[in-house]
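User: I have a model open and want a quick tour. Can you take my questions as they come?

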Amino acid sequence: TGDRLNFGRACELANGEGRNCAMVVVADDAALPREKGITGARGVAGTVFVHKVAGALASAGHDLDTVVQGAKCTANAVKTLGVALEAVTVPGASIRNDRLDGADIVEIGMGIHGEPGMKQTSMMQSKEFAKIMVDTVRDFGRLSDEDGHTVLPLFEKGDDLAVLVNNLGGTSNFELSILAGDVVSYLESSSMGCSVSRLYVGDFMTSFDMKGASVSILPLNSKITVEEQSFEALLDAPTDAPAWAKADIWMNASSSRPSAEEIPEVEMDEEKQSASQLQSVSIPDISTKAESCLRAAANALLESEPLLTEYDTIVGDGDCGLTMARGAKEILSRLDNKTLDTSHPALMFQSIADAVSASMGGTSGVLLELMFRKIGSVLLASSSVIDEMALWNAFHAGVDAVSLYGGATVGSRTMLDALCPAVLAAEEENGSIEKVAEAAEKGAKGTASMLSASAGRSNYLREESLAGTPDPGAVAVGVVLKAISKA
């Protein structure tokens, strides 16, 4: 009543100033029974459709009477129902609405100002909300054009619909999209038999911070009785209104809805993945040497597990040794089962990455997986024969990947404090594995004197907790490279 009176005052004030003005009442709320009284149903999010149609007619140059006819036609055709999980907090109000403060209580049909709705019920899944909202809107129906009294279903099987899923203010886009998908799925199911050619999802008519959503349905089959204008054309008419969201328009019922189609995975050309595309390797007996190095490194990690665990118990969360041991066992198992491919360096490092991914977990596991995948991809993309320096260059790229994705650098008190000196030694010492291992071990030992850490679990510890204990990840790198140098 207050809205009608105040808009009425504004309308007549405008007319008194010589501004041609008319008022259209929108009562699209399906939460209240039709016989409620002269107050009538409330105008809620369906009003947005009325505004859009009226605006499109006005923008096209039609006179006020034509715009009013279009607005009334839309107002009579659209119906809405909302669901609130939390009531609205009105700024400046001395009393807050606490009707929904109980655990798992929601309200069907709460008004946008927090007015009571149809009923309160317990929390339910989005699909259940969608069914209640759609069924209520359909059954609330519309008045017959013939007698103006008979209530008919708002839509029937075969009807084309425009649906607006509106955020009441405090609902995430993620939740809103789930509800929108469930509403469309139900409307287009065999039991309902409708098509939703236009779907609008977003913040159209909000109620401050009210957590909930409303669903407005506008049947599109009938033409607006104004110069045979269609709802579709008026809804699709361009507008610069910033809050009007572009619709998901789907016209072809014989095809799937574009927004519901999964984007297909880009598959690699099998020929590009075949071993015949790999560059040749100039290192003699690479497969045997690689397996020997892998076994030596894995066994060294297993032997070092107690030491790594001891260090990590002091400066981390105590699982570094166990994590490294899991990876080592997985690699040994795959070597024994002949499922770790050592026939070519590119394939081998990809296989190592798969083994690490399947067994290690944790931050160190992911970082090592990334390193091995980068080494493999660099070798896979090689345009020349793969020699020892090519392996070291790929190793350099792998270490860079650890820094890039992990965010740490030398001095962060991580495995990079052993990996980066190893890379530098490989460049300066012409790929001498012995010098590389020495540099890694020296770098690992140096972390014991670092009294701060900018990455990893050690970042949370005080200086006195770090002093004298090396980073276990860096120590593990030194253990691996030393074992490889002796293999």
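User: Let's start in the strands. Which residue stands opposite isoleucine 105 in E3?
Analyst: Serine 122 of E3 stands opposite isoleucine 105. Bear in mind that this is a predicted model.

User: How many bridges join E2 to E3, and do they run parallel or antiparallel?
Analyst: Four bridges join E2 to E3. The two strands run antiparallel.

User: And what about E1 and E2, how many bridges there?
Analyst: Two bridges join E1 to E2, residues 105–108. That pair is antiparallel. Alanine 84 stands opposite glutamate 107 in E2.

User: Zoom out. What is the strand order of the sheet?
Analyst: The order is E3-E2-E1-E8-E6-E7-E9. That is seven strands in an open sheet, with mixed pairing.

User: Which strands stand at the edges?
Analyst: Strand E3 (119–122) and strand E9 (248–249) do. Each has a single partner strand, so one side of each is left without a neighbour in the sheet.

User: What holds strands of a sheet together in general?
Analyst: They pair through backbone hydrogen bonds, either parallel or antiparallel.

User: How many bridges join E6 to E8?
Analyst: Seven bridges join E6, residues 160–167, to E8, residues 211–219. They run antiparallel. Asparagine 166 stands opposite serine 214 in E8.

User: Now helices. Which strands does H2 lie across?
Analyst: H2 (residues 46–59) lies across E1 (79–86), E6, E7 (195–202) and E8. H2 runs at about 120° to E6.

User: And H5, which strands does that one lie across?
Analyst: H5, residues 173–187, lies across E6, E7 and E8. Its angle to E6 is about 160°.

User: Back to H2. At what angle do H2 and H3 cross?
Analyst: Roughly 155°, and the axes of H2 and H3 (residues 64–77) come within 8 Å. That makes H2 roughly antiparallel to H3. The crossing is right-handed.

User: Which residues make the contact of H2 with H3?
Analyst: H2 brings Phe49, Val50, Val53, Ala54, Leu57 and Ala58. H3 brings Thr66, Val67, Gly70, Ala71, Thr74 and Ala75. By class, that contact has nine nonpolar, three polar and no charged residues.

User: Different spot. How far apart are the axes of H8 and H16?
Analyst: The axes of H8 (residues 286–315) and H16 (residues 472–486) are 8 Å apart, at an angle of about 160°. H8 is therefore roughly antiparallel to H16.

User: Is that crossing left-handed or right-handed?
Analyst: H8 and H16 cross right-handed. Their contact residues divide into 15 nonpolar, one polar and one charged.

User: Which residues in H8 and H16 meet?
Analyst: Among those in H8 are Cys293, Ala296, Ala300, Ser304, Tyr311 and Asp312. The H16 side includes Pro472, Val475, Val479 and Ile484.

User: Last topic, confidence. What pLDDT does the chain average?
Analyst: The average is 87, and 91% of the residues score at least 70.

User: Which element has the lowest mean pLDDT, and which the highest?
Analyst: Helix H7 (residues 270–273) has the lowest, at 57. Helix H4 (residues 126–140) has the highest, at 96. Where pLDDT is low, the predicted coordinates should not be read in detail.

Technical notes: Residues numbered from 1 in each chain as written. Predicted model: local features only at pLDDT ≥ 70, side-chain atom pairs only at ≥ 80, totals over all residues. Heavy atoms only, no water. Pairing = 2+ DSSP bridges. Contact = heavy atoms within 4.5 Å. Axes fitted to C-alpha atoms, helices over the stretch in contact; angles between N-to-C directions. Parallel < 35°, antiparallel > 145°, perpendicular 65-115°, else oblique. Left-handed = near helix turned anticlockwise from the far one by under 90°. Nonpolar A, V, L, I, M, F, W, Y, C, P; charged D, E, K, R; others polar. pLDDT = per-residue confidence, 0-100.
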